[in-house]
Amino acid sequence: MSSPNKGVRTVEVALRWDPSPLGRSPHDLDIVAATYRKDAPSGDPAYVVHFDSRSPDGTISLTRDSRTGQGFGSDEVMKLELERLAPEYGRVLVGVVVQQAHGRLAFADVANTRVTMAEGYTELDSVDFSSVPDATAAVIAEFVRSDTGSWVFHDGVRGFDTDPEGFVTLMGRG
C-alpha cells in the first residue's frame, strides 16, 4: 500500500556556537534564508530573511537571534513554513554567515558551531562546518519544490569566503 508523499512541510533550523574567549570581541553568526521564484531558481533571490527581518508573507521567520553565542540551547532559530509558500516560489536556500564586524573570522575560529535542521522530531541534517573551516559563510540546505508541489530537502555544505552582503548575492548561483 502506498501513500502520497507530502514532502517537507515545516522546518526548524537551529544554530549554536560557543561565546568568544574572555577579553575578545563577540562572535556573531546568523542564519540566512533566500527564496527564489520558480522561473528564476538561481541568481538573485526574490527576498532574503535574516536578523531583524522576516518573509513578506510570514512563512519564514527568525524566532531567536543571538549576537554573542551566550545562553542555553540554540543561539539562533529560524522557522520555515514551506507548505505555506506561494506557488510562485520554487527554491529556498538556507545558510549561515559569520559577521565580520571585528575582523575576519572563519568557521574554524568559532568554537563548537553546529546547525541542525529538523521537521518536528525528525532531524533532516546536522552540520558542524568542519568541511569548510576557512569559509566565512556556507549554504547548508536547499529546499526545492517538486512538480507535484511538495518540497524536497537537499543537504550539503558549500562554503564561501565573503562578507554577509556578498554571501546573499553568491549563495544562489551555481
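The pLDDT is the predictor's confidence in each residue, on a scale from 0 to 100. I began there, as the model is a predicted one.

**Entry 1: confidence.** I looked up the mean pLDDT of the protein and found 87, with 90% of its residues at 70 or more. I then went through the elements. Strand E4, residues 60-64, has the lowest mean pLDDT, 81, and E9 has the highest, 97.

**Entry 2: the nonpolar cores.** I asked which residues of the largest nonpolar core touch the most other members. They are Val13, Met78, Leu82, Phe107, Phe129, Ile140 and Phe143, out of 36 residues in that core. Strand E6, residues 89-98, supplies the largest share of this core, with 5 residues. I also noted a second, separate core of 10 residues, including Val32, Ala137, Val139 and Phe167. I recalled that nonpolar side chains tend to be buried together in soluble globular proteins.

**Entry 3: the surroundings of valine 13.** I set aside residues up to four places away in sequence and listed what valine 13 touches. Among its contacts are Ile31, Val94 and Ile140, together with Glu76, Val77, Met78 and Leu80. Val115, Thr116 and Met117 also touch valine 13.

**Entry 4: two residues with positive phi.** I looked up asparagine 112, whose phi is near 55 degrees, a positive value in a residue other than glycine. Asparagine 112 lies in the loop between E6 and strand E7 (114-119). Is asparagine 112 buried or partly exposed? Its relative accessibility is 48%, so asparagine 112 counts as partly exposed.

Phenylalanine 129 likewise is a residue other than glycine with a positive phi, near 70 degrees. Its place is the loop between strand E8 (122-127) and strand E9 (137-145). Phenylalanine 129 counts as buried because its relative accessibility is 2%, where the cut-off for buried is under 20%. I had already met Phe129 among the core residues that touch the most other members.

**Entry 5: aromatic rings.** I found 4 aromatic pairs in the structure. One of them joins tyrosine 47 and tyrosine 89, with ring centres 5.5 Å apart and planes at 85 degrees. I recorded this pair as edge-to-face because planes over 60 degrees apart count as such. Tyrosine 47 belongs to strand E3 (residues 47-49) and tyrosine 89 to strand E6. The pair links distant parts of the chain, 42 residues apart. Both tyrosine 47 and tyrosine 89 are buried.

Last, I looked up what lies over the face of tyrosine 36. The residue is arginine 91, at 5.3 Å from the ring centre.

Definitions and conventions: Residues are numbered from 1 along each chain as its sequence is written. This is a predicted model: local features need pLDDT of at least 70, side-chain atom pairs count only at pLDDT 80 or more; totals for chains, interfaces and linings use all residues. Side-chain values use heavy atoms; hydrogens and water are left out. A nonpolar core is a set of buried Ala, Val, Leu, Ile, Met, Phe, Trp, Tyr and Cys residues joined through side-chain atoms within 4.5 Å. Buried means under 20% relative accessible area, exposed over 50%, partly exposed in between (1.4 Å probe, protein chains only). Helices (H or I, at least four residues) and strands (E, at least two) are DSSP runs, numbered from the N terminus. Contact means heavy atoms within 4.5 Å. Rings of Phe, Tyr and Trp (its six-membered ring) pair if their centres lie within 6.5 Å; planes under 30 degrees apart count as stacked, over 60 as edge-to-face and the rest as tilted. A charge sits over a ring if NZ of Lys or CZ of Arg is within 6 Å of the ring centre and within 35 degrees of the ring normal.
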